[in-house]
Amino acid sequence: MSNLLIIIFLMSLFYIAISGRLFVCINLLILQGVLLFGVAFIALNEINIINLLVVLIETLFFKALILPYYIKKMVIKNKIKRQVSPFISGFSSLVVVSVLIILSFILGLYLQSPQLQLIYITAAFSGIMTGLFLIISRKDIIQHIIGYIVLENGIVLLSFSLGKETPMAVNAGILLDILISVLLFGLFMNKIVKTYKDLEIDKLNKLSD
Amino acid sequence: MGVLIYFICIICIAAMVYFTRSKTMQYLLTTLFIIVQLVFNYLLFFEKDFFTSIFFRPDALSSIFITILTITGITTLINSFVYFSKRNEHAIHRSIYLSSLFMLFACINGAFLSDNINILWILAEATTLCISLLIYHERHEESLEATWKYFFVSTIGLSFSFIGILLLNTATNVSGFSSLTFSALMSQQIQITNELLFQISFMLIVIGFSVKMGVFPLHTVCIDAHSVAPGPVSAIISTSLMNVGFVSVFRFFMLFSHTNLYIWINHVMLIIGVLSLLFATVYMLKVDNYKRLIAYSSIEHMGLISIGIAAGGIAYYAVIFHLIIHSLTKSSLFYQTSQFVGIYRSKHIDDTGGYFNISPSGGILVLLLFLVIMGIPPSGLFFTKFMIFQSLIASGYLWLVVIILILLVFILWGFGKNILHILFLKEPKEVEERKPKINPWENVPQFILLGLALYIGINPPDFLINIINEAIQYLPK
């Protein structure tokens with residue numbers, strides 16, 4: 001069952017890399033949040049109320065609800081154009097993401113161990129590398145934030161795959177850090193839109209030697 | 001328990017300073033913060049058990065760097081108020097500045113103390129959040145750009161180190177996250193089962209923390225942050241925040257130093273160090289902004305420190321000693337840059353000159369700081385560099401020492417040319433007409449730091465030598 005969810009996660013990576021519309025990307029983030037919840041729910045050995053709560057907050061509430069809602073609000077508030085502007089075409093993106101997934105698979109073959117299953121490593125590293133690819137290949141700052149969240153999803157998948165219990169304090173700290181990061185991203189993004197009247201990263205070129 | 005109480009105190013003070021707009025209250029709360037920090041630092045030395053818990057454990061390394069943070073922190077706060085007095089700004093901006101500065105200090109202290117690897121990561125990420133608000137303080141276009149770059153790249157970089165930590169967790173076979181502590185891993189001696197896994201993990205961790213430490217490959221955002229941040233904030237980025245990066249990398253280095261990857265990690269540190277030194281040299285020769293110039297000098301020193309870690313032996317001692325003196329002097333130099341900004345109203349070296357005439361005491365201070373930072377005797381940095389080179393030669397890297405010395409000569413030229421330009425060249429016409437005045441009392445905290453650095457460098461007290469030796473005792477001789 002969890003294999004099926006992970007395969008859907010990988011497919012969502014392809015879709016996010018080629019989609020030309022911003023809201024599709026954001027909806028895919030919601031989908032990924034739900035998928036991560038499914039993976040974590042199945043991986044839970046015993047239904048413990050605290051574990052369940054942490055997983056619920058971390059995936060469904062946080063990744064599938066708050067973040068996408070916040071990004072959508074920012075897009076509407078700042079009247080950001082809904083078209084994605086990549087440096088490279090959709091077809092090339094597809095090729096790149098495929099290559100990244102194959103690379104993750106090869107890496108997974110070397111790294112796999114009883115604690116770390118191949119399919120988890122492949123999916124996690126594909127998520128991480130696709131996130132980086134989105135950041136590199138897009139001009140808009142909002143796309144960079146989406147890339148960062150995809151990268152975070154990959155990391156969360158990796159941490160689930162370890163299947164070890166995390167103390168509440170540590171988990172809460174990690175969650176809080178990521179939440180505040182994204183909120184601050186939004187804050188500074190608002191400022192950038194106000195200052196430059198645009199979101200393209202090419203405008204940020206004053207500082208150099 | 002102790003750390004929790006400390007954190008609650010600081011959060012309360014930061015919250016109060018955020019909501020108050022009156023200057024008197026800000027002074028009072030800052031004094032309160034300094035008292036809390038001093039008490040915390042005192043207890044750290046004499047009541048160690050009070051701070052020991054499952055997440056935190058004070059040791060010699062953390063005691064050294066927390067003491068440096070307390071000293072530079074007090075001077076930073078004094079200089080922040082000097083900086084405020086020269087600017088006309090909204091009370092709310094000042095409140096945000098002070099409360100993020102207090103939280104930053106708390107997070108840095110926590111990061112030094114943390115024994116649990118995940119807590120270290122959380123606090124390192126929290127320092128990024130606080131420092132980006134401070135970098136943005138002047139609120140112009142360039143500060144927005146630098147803040148965005150620093151914040152984004154640091155967050156991504158630290159995500160990398162989190163992946164590294166997760167892989168380390170898998171590789172070490174500990175029973176859960178809560179036991180992923182430095183002390184537990186050190187006592188049980190890591191068994192390398194899958195070499196590639198450990199190598200990837202170490203690489204990712206070092207790349208991630210290089211944002212904080214200011215070494216190759218992610219040092220560039222640090223430079224951008226320096227060029228727009230207020231002087232006192234630059235001082236913190238260049239000293240305490242770099243120390244956080246150093247302590248994190250050094251702790252991971254200690255973990256790996258007793259495994260059969262020891263030679264490999266030494267090579268990684270050596271390559272990182274030499275590349276940082278190379279980048280610093282190239283840019284110091286062409287840079288035209290004095291804050292960026294001093295920032296590149298910090299990159300140079302951190303590069304030397306990476307090389308020192310790789311060299312091993314006596315260099316471990318030299319590295320920590322180097323960081324202590326570097327923190328004291330580099331922060332003073334950054335405090336002086338806010339005077340430069342006030343006088344010349346520009347950050348370009350070409351618009352400067354005649355600082356010695358405008359402020360003789362400040363001129364002497366900058367000249368002495370330049371000599372100490374460049375490691376010209378009797379500066380303590382001369383001895384530490386000497387020890388690092390000695391240890392490099394002992395491990396058979398004579399050719400590398402020659403290359404490093406050539407690079408250092410170029411750095412001396414690039415740095416010296418520009419600093420002497422600021423000090424001795426004729427001042428620009430516009431400045432001459434304006435006749436800016438500098439109050440000599442503003443230089444007192446910097447003179448105290450300089451005096452301390454000189455004293456420690458020439459005649460290191462016994463307890464300092466002992467505590468440094470205690471900090472490095474775990475490393476192979």
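Residues are numbered from 1 along each chain as its sequence is written, while chains are lettered from A and ligands numbered from 1 in the order in which they are written. Since the model is predicted, local features need pLDDT of at least 70 and side-chain atom pairs count only at pLDDT 80 or more, whereas totals for chains, interfaces and linings use all residues.

Visitor: How many helices and strands does chain B have?
Guide: Helices (H or I, at least four residues) and strands (E, at least two) are taken as DSSP runs, numbered from the N terminus. Counted in this way, the secondary structure of chain B comes to 21 helices and 0 strands.

Visitor: What is the radius of gyration of chain B, next to what the globule rule gives?
Guide: The radius of gyration is taken over C-alpha atoms, and the globule rule is 2.2 Å times the number of residues to the power 0.38. For 477 residues the rule gives 23 Å, and the value of chain B is close to that, so the chain is as compact as a globular protein of that length. Along its principal axes the C-alpha trace of chain B spans about 70 × 55 × 45 Å. The radius of gyration of chain B is 21 Å.

Visitor: What percentage of the residues in chain A count as buried?
Guide: A residue is buried if 20 or more other C-beta atoms lie within 10 Å of its own, exposed if 12 or fewer, and partly exposed in between, with C-beta atoms placed from the backbone. In chain B, buried residues make up 56% of the 477 residues. For chain A, which has 7 helices and 0 strands, the share of its 209 residues that count as buried is 38%.

Visitor: Which helix gives the largest share of the side of chain B that touches chain A?
Guide: Two residues are in contact if their C-beta atoms, placed from the backbone, lie within 7 Å, and the contact takes 37 residues from chain B and 33 residues from chain A. The elements of chain B that give two or more residues to this side are α6 (117–135), α7 (141–172), α9 (195–213), α10 (220–228) and α12. The largest share, 18 residues, comes from α7(B).

Visitor: How many nonpolar, polar and charged residues are on that side of chain B that touches chain A?
Guide: Ala, Val, Leu, Ile, Met, Phe, Trp, Tyr, Cys and Pro count as nonpolar, Asp, Glu, Lys and Arg as charged, and the others, Gly among them, as polar. Sorted by these classes, the side of chain B that touches chain A has 18 nonpolar, 11 polar and 8 charged residues.

Visitor: Are α6(B) and α7(B) roughly parallel or roughly antiparallel?
Guide: Axes are lines fitted to C-alpha atoms, for helices over the stretch in contact, and angles run from 0 to 180 degrees between N-to-C directions. Angles under 35 degrees count as roughly parallel, over 145 as roughly antiparallel, 65 to 115 as roughly perpendicular and the rest as oblique. The axes of α6(B) and α7(B) come within 9 Å and cross at roughly 175°. The arrangement of α6(B) and α7(B) is therefore roughly antiparallel.

Visitor: At what angle do helices α12 and α18 of chain B pack?
Guide: Helix α12 (residues 262–286) and helix α18 (residues 398–424) of chain B have their axes 9 Å apart. Their contact includes Met284(B) in α12(B) and Phe410(B) in α18(B), and by class it has 10 nonpolar, 2 polar and no charged residues. The two helices pack at an angle of about 30°.

Visitor: Is Trp413(B) exposed or partly exposed?
Guide: Trp413(B) has its place in helix α18 of chain B, and its C-alpha atom is separated by 9.1 Å from that of Met284(B), 129 residues apart along the chain. Because 13 other C-beta atoms lie within 10 Å, Trp413(B) is partly exposed.

Visitor: What is the omega of the cis peptide bond that joins Pro377(B) and Pro378(B)?
Guide: Pro378(B) lies in the loop between α16 (360–373) and α17 (380–394) of chain B. Another cis peptide bond runs from Phe216(B) to Pro217(B), with omega near 5°. For the bond that joins Pro377(B) and Pro378(B), omega is about 10°.

Visitor: What is the phi of Lys435(B)?
Guide: Lys435(B) lies in the loop between α19 (429–434) and α20 (444–458) of chain B, and is exposed, with 8 other C-beta atoms within 10 Å. Its phi is a positive value in a residue other than glycine, near 50°.
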